[in-house]
Amino acid sequence: MDKKIGWGIIGLGNIAQKFADCLTLVPEADLIAVASRNYTNAEEFSNKNGSKYHFGSYEELFACDEVDVIYIATPHTSHENWSIQAMNAGKSVLCEKPLGVNKMEVENMVSAARKNNVFLMEALWSRFNPSIAEVKSKVDAGLLGDIRYLHADFAFYALDRPTEGRLLNPDLAGGSLLDIGIYPIFLAYLMLGKPESIKSAAKFYKTGVEIQVSLLFEYPGAMAVLYSGLNSSSEMKAEISGSKGSIYLNPRWHEAAAYTQEINGHSETHALPMKGKGYEYEIMEVNKCLREGRKESSLWSLSNSLDLITIMDEIRSQNQIKFPFES
Ligand SMILES: NC(=O)c1ccc[n+]([C@@H]2O[C@H](COP(=O)([O-])OP(=O)(O)OC[C@H]3O[C@@H](n4cnc5c(N)ncnc54)[C@H](OP(=O)(O)O)[C@@H]3O)[C@@H](O)[C@H]2O)c1
C-alpha cells in the first residue's frame, strides 16, 4: 500500500472526537496531529486517540510536515479563517459544514484553494452515506420516474443548551439553518438541483438566533417541503416521491442505515449498515481524491458548496437572519 494519508484535526470538541473514532476505521488514514487552543486538551485528546503529535495552537499543526490534510472542527464563524491559514501553509482541508457563514466567505475559501493548488471539501458527510448515495443513483437512473415531491426535516430540542454555546449564540452564527437546516436543503439540492424559487418563514429565540425555519422550494415539475428547528424534535424520515414510486430514508435520514422503496405497490427495504458513526465515508472520499491528485471531490464539489451557501444566503435575506459580526 502507498504511504498512509496523514490527518490533522483542529478544534477538539464534540465532532472532532466522533471524527477521530471514524478515522480508526479507515486503514489508509493516520491521525498524525491534533491541536487545541488549550495545550492540556490537545494532550488529553492525543493520549485518547493515539496521535503522534499534539499542539497548543492551530498554527503549530499547520506547520507540521507529516500532516497532509487538516480537518477543521471549529465553530462556523472560524471555518474561513482557519481553512485559509491551513491552505496557505500548503495543506489540504476538509472543513466542517457550513463551509463558510455566507457566500463571500465560501468564495474566499475557494479562491485560497485554487491559489494554493490544494484540495478543499466541505464535510457534508451525508453525501457519502451509503443509503443516500444508493438512493441518489436510483433517482438518477429514473427508478421513481420524474420527482414531484421531496420532504426532509432536521430538528432537536436545544433550548436547554447554554446560551453562550454555538447553537444559541448569534456571535457564533447560531440558529438552526446553518447548523442543521443545511441537511434538508442539501437533500433537495442533491435530488432536484437549485430551486426556481424559495418561500420561507422563520421564528427567533430571545438571544436573537433563529430557531425554526420552514421552506418551500419550487422547481418546474416539483416541490420540496423542508424544515429545521431547535425548539422541538421532529421525525426525521425523508421522502422522495415521483411519478413511478417513492423512497423513504429511515430516521435519522441524514445518517440513514436503511431506506424503503415503494414501486407499483411493492415495498422493499434495503439495509446498508454503517461501519462506524458514518464519518468514515467522507474520510475515504478525501483519501481517494488526494491519492488521485484531485483538488476537489466530484461527489461534493466546491460549486456544490457555493450553490448551497447561495440558497442559505437567500433564505437568510428573506427572513432577516443576520449575525452581529456581519452588520
Ligand atoms: N458533521 C456533523 O455531523 C457535525 C456534527 C456536529 C457539529 N458539526 C460542525 O462542526 C463544527 C463544530 O461543532 P461542535 O459541535 O464540535 O462544536 P464544539 O463541541 O463547540 O467544538 C468546537 C471546538 O472548536 C474550538 N474552538 C475554536 N474557536 C472557538 C470559539 N470561539 N468558541 C468555541 N470553540 C472554539 C474548540 O476547540 P479547542 O478548544 O480544542 O481549540 C471547541 O472545542 C460546527 O461548524 C458544526 O456545524 C458537524
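Two strands are taken as paired if DSSP finds at least two bridges between them. On this basis the predicted model contains an open sheet of six strands and an open sheet of eight strands.

In the eight-stranded sheet the strand order is S8-S9-S10-S7-S11-S12-S13-S14, and the pairing is mixed. Strand S8 (197–204) and strand S14 (266–271) form the edges, each pairing on one side only. Neighbouring strands of this sheet are turned against each other by 10 degrees on average, direction ignored. Within the sheet, strand S11 (residues 238–242) and strand S12 (residues 245–249) are antiparallel and are paired over four bridges. Glu-239 has Tyr-248 of S12 as its bridge partner.

Helix H6 (residues 130–140) touches strand S7 (147–155), S11, S12, strand S13 (258–263) and S14. The direction of H6 makes about 25 degrees with that of S13. Helix H7 (residues 176–192) touches S7, strand S9 (210–219), strand S10 (222–229), S11 and S12. The direction of H7 makes about 160 degrees with that of S10.

Helix H7 also packs against helix H9 (residues 302–318); the two axes come within 10 Å and cross at roughly 120 degrees. The crossing of H7 and H9 is right-handed. On the H7 side the contact involves Leu-177, Leu-178, Ile-182, Ile-185, Phe-186 and Tyr-189. These residues meet Ser-303, Asn-304, Asp-307, Leu-308, Ile-311, Met-312, Ile-315 and Arg-316 in H9. By class, the H7–H9 contact comprises ten nonpolar, two polar and two charged residues.

The six-stranded sheet has the order S3-S2-S1-S4-S5-S6, with parallel pairing. Its edge strands are S3 (53–55) and S6 (120–122), each of which pairs on one side only. The twist from one strand to the next averages 20 degrees. Strand S1 (residues 5–10) runs parallel to strand S2 (residues 29–35), and six bridges join the two. Ile-10 is placed opposite Ala-35 in S2. Strands S4 and S5 are also parallel, joined by four bridges, and Tyr-71 has Leu-94 of S5 as its bridge partner.

In a regular strand the side chains alternate between the two faces of the sheet. Strand S5 is covered on both faces: Ser-92 and Leu-94 are buried on one side, and Val-93 and Cys-95 are buried on the other.

Helix H4 (residues 79–88) lies across S1, S4, S5 and S6 and runs at about 160 degrees to S5.

Helix H1 (residues 14–23) also packs against helix H2 (residues 39–49), with axes that come within 11 Å and cross at roughly 25 degrees. Angles under 35 degrees count as roughly parallel, and H1 and H2 are therefore roughly parallel to each other. Their crossing is right-handed. Ala-16, Gln-17, Ala-20 and Asp-21 of H1 make the contact with Phe-45, Lys-48 and Asn-49 of H2. Three of the residues in the H1–H2 contact are nonpolar, two are polar and two are charged.

Several loops contain backbone geometry of note. Most residues other than glycine have a negative phi, and most peptide bonds are trans. A cis peptide bond joins Lys-97 and Pro-98, with omega at about -10 degrees; Pro-98 belongs to the loop between S5 and helix H5 (103–116). Another cis peptide bond links Pro-251 and Arg-252, where omega is about -20 degrees. Arg-252 is located in the loop between S12 and S13.

Positive phi values occur at Asn-117 and Ala-173. Asn-117, which is not a glycine, has a phi of about 55 degrees and lies in the loop between H5 and S6. For Ala-173, also a residue other than glycine, phi is near 55 degrees. Ala-173 is found in the loop between S7 and H7 and is buried, with a relative accessible area of 0%.

How values were computed:
Residues are numbered from 1 along each chain as its sequence is written. This is a predicted model: local features need pLDDT of at least 70, side-chain atom pairs count only at pLDDT 80 or more; totals for chains, interfaces and linings use all residues. Side-chain values use heavy atoms; hydrogens and water are left out. Axes are lines fitted to C-alpha atoms, for helices over the stretch in contact, and angles run from 0 to 180 degrees between N-to-C directions. Contact means heavy atoms within 4.5 Å. Angles under 35 degrees count as roughly parallel, over 145 as roughly antiparallel, 65 to 115 as roughly perpendicular and the rest as oblique. A crossing is left-handed if the near helix is turned anticlockwise from the far one by less than a right angle, and right-handed if clockwise. Ala, Val, Leu, Ile, Met, Phe, Trp, Tyr, Cys and Pro count as nonpolar, Asp, Glu, Lys and Arg as charged, and the others, Gly among them, as polar. Buried means under 20% relative accessible area, exposed over 50%, partly exposed in between (1.4 Å probe, protein chains only).
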